[in-house]
Structure formats: structure tokens, C-alpha cells
Amino acid sequence: MFDTRFDKKKFQTEIQENLKNLFRKSVEDASSQELFQAVSFAVKEVIMDDWMKTKKTEKKEESKVVVYLSMEFLVGRALGNNLINMKNYKMVEEALDELGVDLNALEDEERDPALGNGGLGRLAACFLDSLATLGYPAYGCGIRYRYGMFRQKIEEGYQKEIPDDWLMNGYPFELRRPEYTQEVRFGGNIRVEHDEFNNAKFIQENYQSVNAVLYEIPIIGYNNHMVNSLCVWDAEPIVNFRLDSFDSGDYYKAVEQENVARNIVDVLYPNDNHYAGKELRLKQQYFFISASLQSALKALKERGYAVKEMDKKIIFQMNDTHPTVAVAELMRLLVDEEGLSWEEAWGITSKCCAYTNHTIMSEALEKWPIDLFSRLLPRIYQIIQEIDRRFVEQIHQRYPGNEEKVRRMSILCDGQVRMAHLAIAAAFSVNGVARLHTEILKHQELKDFYEMMPEKFNNKTNGVTQRRFLLHANPELSNWITDKLGTEDFATNLELLENLKPLADNDNALSEFMGIKRKNKERLAAYIKKHNNIEVDVDSIFDVQVKRLHEYKRQLLNILHVMYVYNQMKEHPEKSYYKRTYIFGAKASAGYTRAKEIIKLINSVAEVVNNDRSINGKLKVVFIEDYRVSNAEIIFAAADVSEQISTASKEASGTGNMKFMMNGAVTLGTMDGANVEIVEEVGRENAFIFGLSSEEVIHFEKNGGYNPWDIYNQDQDIRKVLDQLVDGTYGNGDKELYRNIYDSLLSPKDGSMADMYFILKDFASYRDAQEQVDAAYRDQKRWAKMALLNTASCGKFSSDRTIEEYVADIWHSKKIKVGEE
Ligand SMILES: *Cc1c(COP(=O)(O)O)cnc(C)c1O
């Protein structure tokens, strides 16, 4: 049960010692925050031993290491999850209980390290958890943003962004490693020198440079003593003025360097699936990539390997195009610093680098203006020119005379550097993140590349870690499953949940299952009462849509449907409606006006609906502020309906859908992303599927869309909802508040396609699906069956499965066992 090396008495003493040394306090007079710190440091102390052993074993076994390069790691709170993975959660709970301290309350003292936007960053965090759990040596490499994702406040229905000073009280789990500091250079010019054999040497001059300082965060494997590292880089000025000959020139130079360094890691850009073209963002990208690659190369040499053996020992997995400057930086290091020939360097680079594509949406594609790029990274730009020259030559060879191909495929084009093209040209593997997404890449978006190099393309359907999203998020359900299966092994083998399937015909088990759901709904209801001061009925259907706010994710379709239901209740008070609580949670990027208007609309509808006594509380709308990993865990466990309603073809995979499924929520969704595979696993009869297919959406898009006025004119219920956007019903009488939303659906002022995301086109089909949800829920036993079968069928969606596929097809790394000595 417990890890024997975790001695309860010793642990309690350790906490008391920490309180004394850190705060000069005892358990009785320490604040919750101080207790959280003291407990976390005591846990870290235990982690340290395993961490050291892991590094030792890794060296001894001469392991090939996975380096996961990502601008984002949305790790969530560490304390509870670490205890789960160390198999000591219950012991620590007891130890604290004896000291009169509640572990749950301490967990709430931890600020979420919000070093990510949404799905992409959370995926990186799930992957690190799975890598450590499966025993693969791995490093996450990213940025230690001083301010993570902003904290969201809702004021008068509007989103307000508050800086997230997550390091305010320090972060107990990180470890500063100044001995690994790397210098990173920006700007200046390149001088070419020739040696006696006429070999060119490229020398960067007049550059500005900063120090990248490493912080390591331990990533703990489940029950295996493995501890991998998440390496995040901080930027510091290089201060090297000599105190003896201190003149004003030195001084001003130092101040200048300080300014260069200061802002690089200040903030995480809050754009999800959207490219903004900010110079500072490119600086961030090169900063962490250069630091990570220099450091990887040093480690390789320190372990006694030749640079030419690199591809046997390291694999760089690039999480989207954000880290793809790695391709050129690795070439620079190998050619300029290590003296390899271009061909040798390219051979290594293309065997070390693999690329994961996360989106097909054009607004998300990174295309840096060449003038900006070459000014900030002059040598890297030269290298990209050479990569492009050789790549274009290859295209010419394969498609002689086809200049159109070259235009479509080259890396440099129209004054821009196309990062996805750079990644595909260099990487030996290009993967999509769900089967449908990969097929769209191969046959639509990246068709030219697939035709020329089909061997590079492969699919890796995303997954999520059950340690966080089941064991930690839903202890009640985890205990029940353990009891029913007679084993805890599903913690590392999620497929075992299929053995729950026979229980779908066991009335007793079904009512236990729904009893647990009810308890989790009570927990969420208490959270909502505390944070929103809204009373919700736990016997209502909890219908949940939580994810970043984006037009393609169609929160607008959901809220327009709520407006429709409300109208129906008012017009037909005689009809019966099953009580429903519509729960939303979503951050909008600070500069995304339309997304913010949708948040305001949701809150306006909530205001009207929640305060209308005539509908007897049959309908409630709740907007949960500051959606993030810690409250997500509470939300998934409590959901009945999982809204996954993106416009088909737009959501590459989704991972929220998997977390809901794991916790026994039923998917209401389109045939998009991983929903397709979810339905395949659970059976179409245990989900509610609606809407256009991806083929239909793509077909309409190619033909300039459709005419939404036809729907407006034919369906009076939809018409009424649309009219309510501009008649003051939801704007406190302000008819202009939602005019832009109305226009975007019917006749956009900017000449773009009307109803680009097919909200009205899918409305009727969504409404039908929602009616089926209502009918299904009335039959409590039928619903319980569906819910249980969702949990029982989620085995495929463990990130453990995803990681094993990456290992088998791309990484080819080997497991290690961390020794007991
Ligand atoms: C899983 C997760 C996401 C991704 O959700 P999608 O529905 O797949 O977009 C975003 N944010 C948080 C906090 C998550 O846990």
C-alpha cells in the first residue's frame, strides 16, 4: 500500500523542522501557506533520493533520452499528484491529520504553475507523467515564465485579465541549477572568415546576449521511483563588469544587457491556436531552444559520446512549430561550433528531430517576416536559406518544371519563413494527434508533402494521464474501480477498465456508480456556491463545456441553444423539461475580441435565466471563473454531459473529451478530432453525435460557404434567438452589445464568409441531439449504463498508450529500472 521508505514519524518531524527553519513557527501558529511550503519541502526531500538514483541509472544504462521541446507545460498542482505517484497520498493524509492539518486544504494553497494555454501544454504535461511512469528517461524543455497564463476575473460579465504572479511565495518543487547556465545570442551581424584550407567560418559580431539559467522540476513516475526532469529556463543579464576598472561604458553596457534579458521570459502569450507574429515571442522561442540544445550537446559529450553518435542518444520531439527553430540551431551548433560538414550535420539533425502538428487552421500557422527573423537571428536565417535552397532543389528533381509546387512547399516564400515547412523538410517524422486529423493533413493541408515523403507521416492519437485525471481528480471513483476489479493496476494499465463492462448489467453497480457521480456533483456544487454564489441542483443534468474560448470550439452554439431552450420554457410552460445546469469555463486570449464578446453573452444569459423565477430553477447557467487544471479536476469528475461540439475538421484531437469520458460523462459532440475514436470505442449508442462531417465542412469551405439567411427565414425558433441578440433581451437593453456576433452569423461586415463555423447550419441537428440527451437522462438506468460504459471504454485514451506508440514508431528508446540501492 504505502511506500516503505516514507516513514510517517520521520515525515512529521521533517515538517516541524521545516516550519522552524523556514518560518520560525510551529504547526499550531503556521498559516496554511506556510504549512503547504513545509510539507512540500518534506516531500521534495524524499523525491531527491530517487531523482539522484534516476540520473545515475540513466548514465549507467547509456540510455537514449527523449527531449520534449515545448513552449508550454501546463503541469497543474504538484503536491497531491506527486504524493499519488509516490503512493503516499493516504499516508501523508494520515500524518497530517495527526498534526491537525487537512491535506486537501493544503493542496488548495498551491498556485497552479500556469505555464501553458490549454490542450497543447496539458498534453506535454501528460506525456511527461507517462514517460516517467513507463520508465523512459526524458527531459521536458521549456520556459520558466515569470507570469504564467493570466488569471481570469469576471466583472459585470466581462473577462478581466490579472497577472499571474505564480512565484510570489516561491515554488517549493523547483531546483535552481546555475552550473548549467548557457549564453544565448541575438542580433548583430555575421562576418565570414576563411582558414588556410579556404573553409568558411561564420562569426557573429555586435550581438546582444543573455544568460539562460536552468530550473529543474521533478516529474515523478507512478510507483517506480523514477524521477525525470522538466527543465525550464529563466533569463538573466550577463553582468561581467570588473569592479577595479569600472568605467561608465561598462556600466551602461551592463544596464543594456539587463534590459535585453529582463523581458524575455516575462509572460506566456495567451494565444491558443493563433499566431500573432510578435518579435518577443520569436525571441522566447530561440532563447529556450538554443539553451536546451547547447545543454543537450554538452551533456552528450560529458557522457563520453562523440557528436556523431547524437542520433543514437537523443531525440528531439518538437511540440508544434513553436520549437522548430531547433532544426536550424542544431545545424548551427554542429557546423559552426563542432566543425562538421553540412552533410554530416544534416544527417544527424534529420535523424534527431521529429515534429508534431497540432492544427490545420491557417490563422495558427507560424510565418515569420524575413526582415524580423534575419535581424534577430542572422546566422540562423542564413542556415534556413541553405536548408531551403537544398529542399527546393529536391522538389525540382522530383517535379521538374513545377514552379507551383515549389511556391507551395518552399520554406521561404513571399518574404516569410514558414516554420511548418522547415519542420517537415528537416524532421524524419511528422505526426498528427488523432486519426482524422492525420488523414486531413495527409490528404488536404499537407498533401504536397505527403506525396513527396509519405514515409515521414504517422498518427499518434493523444491521451491523458489517468494518475491525475482519475486517481487524483476522482478518488471516489478510483476506489470503487479498485474494489470492483480487485486491483489498482488500472493506474498503469487503463485497458483493464474494460473489465467493468459486465457491471453495466448490474443494477447495484449502476446505482453505486451514479452515487459516486452524485457526490462529485455535490463537490462541484459547493465550489460553484463558494465562487459564483449560485445554488445549483445536484439532481439536474450537469452539462459542461470547459476549454479555451475559440470560435471553432463553438461555445456560441451552446449558449444560443440555451437561449432557445429558455424561450421554449417560457412559450410552453406546460411541457416538461429535465432540469439542467449548463456549466461553462473558458479563458479568451486578451486580444481576441469576438471570444470576449461570447464570454459576455454567456454571462448575460446566465444573469437573465438564473434570475427568472417563472422557470422554477429548471435552467441554470454557470460560468466558472479562471478555468485551469486544478478546478478542471473537480469539474470533469462531476460532469454528466461532455460538450465537444467543434466545427468538424477544426479540432485536431481534443483531450478534454478524454478526461470527461474517463470520469463517466457522456459525449455530446461532432465527428471531429478524437471524438471519432471515442465513439468507436464506446459505441455510437453511448454518445450523442450530431452535425456536419469534416468532409461536408471542407466541401462547403471550398465553395465559399452556404447561405445562413435560408435558415433564418425557415426556422422561427432560430430566428427568434438571433433577433434576441440585437433586441436588448440580453444586453440590459443595449441592442448593440451583440451586434457583431449577429453580423458574423448572418452578414459579416468585413466580407468574410457568413457563419464561418457553421453554427446555424448545425443548430437543428444539435437541438435534436440535446433532446435525445434529455430523453436518455430521464431513463436513469439507461443513463447509468451509458456513463459506466464510457468509463469502461476509455482505456485507449491513456497517454501511456500514446507514449508507447511514440517509442515504438519514432523514438525507439528503452526503459530503465531505478535501482533500490
Ligand atoms: C485538458 C485541458 C484543456 C484542453 O481541453 P480541450 O477540450 O481538449 O480543448 C485545456 N485546459 C485545461 C486546463 C485542461 O485540463
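**A helix, then the spaces**

Mentor: Helix H30 bends by about 30° at Ser-765, the bend being the angle between axes fitted to the seven residues ending there and the seven starting there. Keep in mind that this is a predicted model, so local features need pLDDT of at least 70 and side-chain atom pairs pLDDT 80 or more, while totals for chains, interfaces and linings use all residues. Numbering starts from 1 along each chain as its sequence is written, and side-chain values use heavy atoms, without hydrogens or water.

Back to H30, which runs over residues 759-778 (helices, H or I, at least four residues, and strands, E, at least two, are DSSP runs numbered from the N terminus). Its 20 residues, at 1.5 Å a residue, should span 28 Å, and the end C-alpha atoms sit 27 Å apart, so the two agree (the expected span is 1.5 Å times one less than the number of residues). The buried residues of H30 are Ile-759, Leu-760, Asp-762, Phe-763, Tyr-766, Arg-767, Ala-769, Gln-770, Val-773, Asp-774, Ala-776 and Tyr-777 (buried is under 20% relative accessible area, exposed over 50%, partly exposed in between, with a 1.4 Å probe and protein chains only).

Pick out Tyr-777 from helix H30: it counts as buried because its relative accessibility is 6%. Tyr-777 is 136 residues from Val-641 in sequence, yet their C-alpha atoms are 10.0 Å apart in space.

On a 1 Å grid over the protein atoms alone, a 1.4 Å probe fits in a cavity but cannot get out, whereas a pocket is open, with protein on both sides within 12 Å along at least five of seven lines; lining residues have an atom within 4 Å of a point.

There are six cavities of 30 Å³ or more. The second largest cavity has a volume of about 210 Å³, volume being the space filled by probe spheres set on the points. Of its 19 lining residues, Val-75, Asn-81, Asn-82, Ile-219 and Arg-468 are the closest to its centre. Helix H3 (79-85), helix H6 (119-134) and strand S8 each give two or more residues to that lining. Domain 1 (1-60 + 79-111) and domain 2 (61-76 + 112-462 + 805-811) both contribute, so this cavity lies between them; the bounds come from an automatic or database domain assignment.

The second largest pocket comes to about 800 Å³. It has 33 lining residues, with Lys-55, Tyr-139, Tyr-180, Ala-299 and Arg-303 nearest its centre. Among the elements giving two or more residues are helix H2 (32-60), strand S5 (175-186) and helix H8 (279-302). Domain 1 and domain 2 both line this pocket, so it lies between them.
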